[in-house]
Amino acid sequence: MSAIVLIVNDQERRVDAPPEETLLSVLRNRLDLTGTKYGCGEGQCGACTVLLNGTPIRSCLTSVSAAIHKRITTVEGLERSGKLDPVQEAFLAEEAFQCGYCTSGMIMSAVALLSINPNPNETQIKRAMNGNICRCGTYPRVIAAVRRAATALRKE
Ligand code: FES
Ligand code: FES
């Protein structure tokens with residue numbers, strides 16, 4: 001076990017964890033950031049998506065040592081001064097979830113997409129969200145939410 005220093009949601013966090021432990025496990029079990037979900041554990045569902053230096057990654061397949069010195073953003077880090085991120089607001093407004101298990105991963109993928117493409121068309125949205133599986137089948141609402149968020153962000 002060794003002390004590892006991570007930058008999570010703009011805060012320095014120190015954890016005692018083996019370097020090969022998954023980032024998902026460290027976030028959920030050592031830092032109590034349970035917004036990021038364990039779905040398949042095999043890189044297939046996207047429930048564990050977080051941003052590493054702004055890029056969406058599967059935290060279930062990423063060792064914590066690979067995240068050292070990088071900016072880790074989880075769904076808990078999107079809110080600013082008590083205000084939800086526009087993507088979170090849009091998912092709420094479009095009711096783009098049922099059980100909600102996939103939602104944080106969906107939101108993180110959408111945040112990453114809109115950071116590089118402020119006005120994605122439907123094909124681009126589908127491509128960007130392709131790795132996020134929703135067992136409840138909320139895909140049409142997810143697409144609507146991403147569109148709504150894009151519009152809101154362009155007005156900011
Ligand atoms: S839990 Fe990581 S992709 Fe499914
Ligand atoms: S809302 Fe249930 S898995 Fe997506």
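**Close-up views of a predicted model**

**View 1. Threonine 49 stands opposite arginine 58 in strand 4.** Strand 3 (residues 49-52) and strand 4 pair in the antiparallel sense, over 4 bridges; pairing requires at least two bridges found by DSSP. Strands are DSSP runs of E with at least two residues, and helices are runs of H or I with at least four, both numbered from the N terminus. The hairpin of strand 3 and strand 4 has 2 residues between the strands, and asparagine 53 takes a positive phi near 50° there.

This is a predicted model, in which local features need pLDDT of at least 70 and side-chain atom pairs count only at pLDDT 80 or more, while totals for chains, interfaces and linings use all residues. Residues are numbered from 1 along each chain as its sequence is written, chains are lettered from A and ligands numbered from 1 in the order in which they are written, and side-chain values use heavy atoms, with hydrogens and water left out.

**View 2. Serine 59 lies in the loop between strand 4 (55-58) and strand 5 (71-73).** Serine 59 has a relative accessible area of 0% and is therefore buried (under 20%, with a 1.4 Å probe and protein chains only). Leaving out residues up to four places away in sequence, serine 59 touches Thr22, Leu23, Leu24, Thr36, Cys48 and Val50 (contact means heavy atoms within 4.5 Å).

**View 3. Helix 2 (residues 86-93) packs with helix 5 (residues 139-155) at an angle of about 135°.** Their axes, lines fitted to C-alpha atoms over the stretch in contact, are 8 Å apart. Angles run from 0 to 180 degrees between N-to-C directions. Residues of helix 2, including Phe91, meet residues of helix 5, among them Arg148.

Methods: Buried means under 20% relative accessible area, exposed over 50%, partly exposed in between (1.4 Å probe, protein chains only).
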